[in-house]
Structures are given as structure tokens and as C-alpha cells.
Amino acid sequence: MKKLIIALALGAVSFASSAADIKRGEELAKKYNCASCHGADYNKPIDPSYPKLAGQHADYLTHALSAYKRGGDKANGRSNPIMAGFAKPLSQQDMADIGAYLSSLPSQLVVRK
């Protein structure tokens, strides 16, 4: 029983330390100049083929960044040289932080009709 309690406590500490940080995500989004293509408010991309990011699900954004990092020639990868260049230096924590930040923004996305 003692080992179970220790394992649960360690798991909780590990989870808490990996929780996404919205403020850090904002800093990273500015550092990598995401707004230059996706719009200043992340709701009005400069090209209609670029996605709106504000309000999107954080786990989806994290997954998309991971897929760009993997590249189009890998399983579940995405092929876009610009996004791949931005995603390559990002850690999983960086991607989660960016996803959390963008997810927290007001959105024009429609999730229900």
C-alpha cells in the first residue's frame, strides 16, 4: 500500500510539472511570430487557407505542431516547410504551452450549430 501511495504522489508531481503554461505559450507565440501568418488576434489569417488558431482545442494544436515537427514523410506527419521550420526547435512542453495559450483566446470558431 505504501508503494502505491508513493507511486500516485510521484505521478501527481510529474503531471503538475508538465501542465501547460499559458503565459509561456504567449511568449513562444510572439517569439516565433505566429501572428505574421495567422493574424494579430489569431482569428484572421493573412491567407484563407491558413487556419484560425484562437479558441482551437489545445490538444489538437499540440498534436498539429508535433505532426509538423515529424514531417510529411513520417507516420501521422504533416508536410509544410514553413511550419516544419517553426516546429523543429519546439519541445513537447513548448507545443503544449502554445496550444494552451491559443486555446485560451477568444475565438470566431463555430463548435456547435
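Me: Which residues of helix α6 are buried?

Reply: Those residues are Asp94, Met95, Ala96, Asp97, Ile98, Gly99, Ala100, Tyr101 and Leu102. "Buried" means under 20% relative accessible area, "exposed" means over 50%, and "partly exposed" is in between, with a 1.4 Å probe and protein chains only. Before we go on, this is a predicted model, in which local features need pLDDT of at least 70, side-chain atom pairs count only at pLDDT 80 or more, and totals for chains, interfaces and linings use all residues. Residues are numbered from 1 along each chain as its sequence is written, and side-chain values use heavy atoms, with hydrogens and water left out.

Me: What makes a stretch a helix or a strand, and how many of each does the chain have?

Reply: Both are DSSP runs, numbered from the N terminus: a helix is H or I with at least four residues, and a strand is E with at least two. By that rule the chain has six helices and zero strands, in the order α-α-α-α-α-α.

Me: What span is expected of α6, and what span does it reach?

Reply: The expected span is 1.5 Å times one less than the number of residues. Helix α6, residues 92–104, has 13 residues; its first and last C-alpha are 18 Å apart, close to the 18 Å expected. Helix α4 also has 13 residues and reaches 18 Å, close to its expected 18 Å.

Me: Why is Asp97 called buried?

Reply: Asp97, found in helix α6, has 1% relative accessibility, so it counts as buried. Leaving out residues up to four places away in sequence, Asp97 touches Ala19, Ala20, Asp21, Arg24, Gly25 and Leu28. Touching here is contact, meaning heavy atoms within 4.5 Å.

Me: What does the side chain of Asp97 reach?

Reply: It reaches the backbone nitrogen of Asp21 at 2.7 Å. A polar contact is a pair of N or O atoms within 3.5 Å; within protein, one must be able to donate a hydrogen and the other to accept it, and residues adjacent in sequence count only if both atoms are side-chain atoms.

Me: Why can we say that the buried residues of α2 line one face?

Reply: The buried residues of α2 are Gly25, Leu28 and Ala29. Seen down the helix axis they fall within an arc of 100°, so they line one face of α2. That arc is taken from the directions from the helix axis to the C-beta atoms. Lys23, Lys30 and Lys31 are exposed on the other side of α2.

Me: Which helices do the buried residues of α6 pack against?

Reply: They pack against α2 (22–31) and α4 (58–70). Seen from α2, its buried residues pack against α6, while those of α4 pack against α5 (81–87) and α6.

Me: Why is Ser104 called partly exposed, while Asn43 is called buried?

Reply: Ser104, in helix α6, has a relative accessible area of 41%, so it is partly exposed. A polar atom of its side chain lies 2.6 Å from the backbone oxygen of Tyr101. Asn43 sits in the loop between α3 (35–38) and α4, and its relative accessible area of 6% makes it buried. The side chain of Asn43 has a polar atom 3.2 Å from the backbone nitrogen of Gln108.

Me: What percentage of the whole chain counts as buried?

Reply: Of its 113 residues, 31% count as buried.
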